[in-house]
Amino acid sequence: MSLAQFLPRKGAITTLNVGYKRGETVLAWAMVSPWVAGFLLLTAFPMVASLALSFFRWDILSPPKWVGLANYVKLFTIDPLPMHALKITVLFSLASIPLNIVFGLAIAMLLNTNIRGLAVFRTIYYLPAILSGVAVAILWQWIFSSDFGLLNTALRIFGIEGPAWLGSKIWVLPAFVIMRLWSVGGGMVIYLAGLQAIPTDLYEAAEIDGANWWQRIFRITLPMLSPTIFFQLITGVIFTMQIFTETFIMTDGGPANASLFYLLYLYRQAFQNFKMGYASALAWVFFVAILLLTLILFATARFWVYYEAESDEDN
Amino acid sequence: MSSKGVSLSARQIFSKIIVYLLLGFGSIIILLPLQWMISTSLKPLSHIFRFPPEFLPQKVVWSNYPDALTQLPFDIYFGNTVFIVIMCLLGEVLVSSVVAYAFSRLRWRGRNALFIVVLATMMLPRQVTLIPEFIIFKELGMIDTFWPLILPSWFGNPFYIFLLRQYFLTHSRELDQAAVIDGCSRFGVFWRITLPMSKPVLAAVAIFSFQFHWNDFFRPLIFLFSEENYTLALGLRFFQGTYGTEWNSLMAVSLVVMLPLIIVFFFTQKYFIQGVVFTGYK
């Protein structure tokens, strides 16, 4: 930290001279007030309340009973399912997120080769990304049907007898990974825009210097795209860890809890068993787990995310 | 970049062919599940469990659609869903743009600090607030009504606030100042200048909001109980629970539920993709 950062920067001087106008400040607070109210009522207060609740036993009907750390002790040592659920949720994310990034990038790079019909291909690849929820889950449940499903029928063409997918303890997680790959187009569109924004003179200069295709990818394309990839990685962790609808509809956590993702377990504790205190502890552990994962990713960012010097003007 | 007139070398032609083959193959894989869905939805039940399965229906049964859709009151679920989606969409577009305006076009103390809080809530997994939220709505007597689904949208959505703010920041400040000098109020600037200039991003927010609430399953599952309050997502799950292996009916209903999204997507693709790009690429 240096003193310089507390001094007004060049661009800020006008602001200082003029100061904040009172009318503008009042109007601004009036305009942001819905969000502030929502933040206090539906985010800040519930967060504190759920932390407090996690130290109680409460079934909604009878008054809450203080149990200290008992919920957390149960969560980490007595009940084997929360850590199992967290483990498979992380495993699933570790497979799903990188695969989606790699395929998304690969398709974007193919589309960025000056081809005809770009708009048509982009529409096709993007289409599944807008679909989600119950209808998609039911569709994939049918696709994974072991005898009459699309996937095993297609595999049989190549002489492969596919597994039971959703009925198999081993193959149920890969099945979910495959299903999520269908919506790879969501990230693809973003990478494509990023690729199109890379100045072509960078490639021309590299070509003159004799860089081959691999070198151009690893020395220009990926470094230039790294902020975009990083953003996708962060949002990917938060989004992927929260998988719920698919497992609720397709497997209900089975077989033998092999697809018991964390939120499904939380949902059962809170809204089927009405253990609101225990479920609040589960929610907080989940929140901290996601926060830790995100912080670890942020810590790695300086080793591989490349920001252009001028980009600190953003925001 | 070689111009069109210059003839391509054999190697370039070869790599072009490979690119088209890969993209074509990928497109087939992407579209196959939808083809499979349509095909299944038109088969008679007896043909569904035929081995080996048919890729195209040998016999087309259009009546699967009316038959399946009249098993449950899907018209009521459709009405509920449309009502909830429109109310959420209105709230999210209106409130988020008002909030985003203050975060981008007005100067006030605490603006940046507060905006960091907005960004932080974007990253928050909603489950951590869910249980107290459920209890708040229960205390308010709003469980099994549409209120818990609609009300939060009228406090603005951090993701859309962020998106709109980024867009508003690209407008020139001179225009605002000129309007103020001409006697336009600050709110007038927002309503008459900023909003009309932001149609593409407002469209993107509206489409995202529509897509999210149309697909949403988790919150309706938690807050709605009576069948007459069901959304399409809940109705579809209820249908699945009742007609579990009638895959032709299930595919027909699922397709009908997806259809509005697909139609909206085809008509608004431009805004959709612009919006996605605007959020992810920065």
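In helix α5 of chain A, the buried residues are F121(A), Y125(A), Y126(A), L127(A), P128(A), A129(A) and I130(A). The structure is a predicted model. Helix α5(A) covers residues 118-130, and its 13 residues extend 19 Å from the first C-alpha to the last, close to the 18 Å expected at 1.5 Å a residue. The helix carries a kink of about 25 degrees at I124(A), which lies shortly before the proline P128(A). P128(A) is itself among the buried residues of this helix.

**Domains of chain A**

Chain A comprises domain 1, residues 20-68, and domain 2, residues 71-309. Between the C-alpha centres of these two domains the distance is 31 Å. Contact between them involves eleven residues of domain 1 of chain A and nine residues of domain 2 of chain A. On the domain 1 side, two or more residues come from each of α2 (22-53) and β1 (56-57) of chain A. Helix α2(A) makes the greatest contribution to that side, namely three residues. Seven nonpolar, two polar and two charged residues make up the side of domain 1 that touches domain 2.

**Architecture of chain B**

Chain B contains 14 helices and zero strands. With a radius of gyration of 24 Å, well over the 19 Å that the globule rule gives for 282 residues, chain B is more spread out than a compact globule. The C-alpha trace of chain B spans about 75 × 70 × 35 Å along its principal axes. Buried residues amount to 40% of the 282 residues in chain B. Among the contacts of chain B with a separation of 6 or more, 76% join residues 24 or more positions apart.

**Contact between the chains**

The interface brings 73 residues of chain B into contact with 75 residues of chain A.

By residue class, the side of chain B that touches chain A has 53 nonpolar, 13 polar and seven charged residues.

How values were computed:
Residues are numbered from 1 along each chain as its sequence is written. Chains are lettered from A and ligands numbered from 1 in the order in which they are written. This is a predicted model: local features need pLDDT of at least 70, side-chain atom pairs count only at pLDDT 80 or more; totals for chains, interfaces and linings use all residues. Two residues are in contact if their C-beta atoms, placed from the backbone, lie within 7 Å. Ala, Val, Leu, Ile, Met, Phe, Trp, Tyr, Cys and Pro count as nonpolar, Asp, Glu, Lys and Arg as charged, and the others, Gly among them, as polar. Helices (H or I, at least four residues) and strands (E, at least two) are DSSP runs, numbered from the N terminus. The radius of gyration is taken over C-alpha atoms; the globule rule is 2.2 Å times the number of residues to the power 0.38. A residue is buried if 20 or more other C-beta atoms lie within 10 Å of its own, exposed if 12 or fewer, and partly exposed in between; C-beta atoms are placed from the backbone. The expected span of a helix is 1.5 Å times one less than its number of residues. The bend at a residue is the angle between axes fitted to the seven residues ending there and the seven starting there. Domain bounds come from an automatic or database domain assignment.
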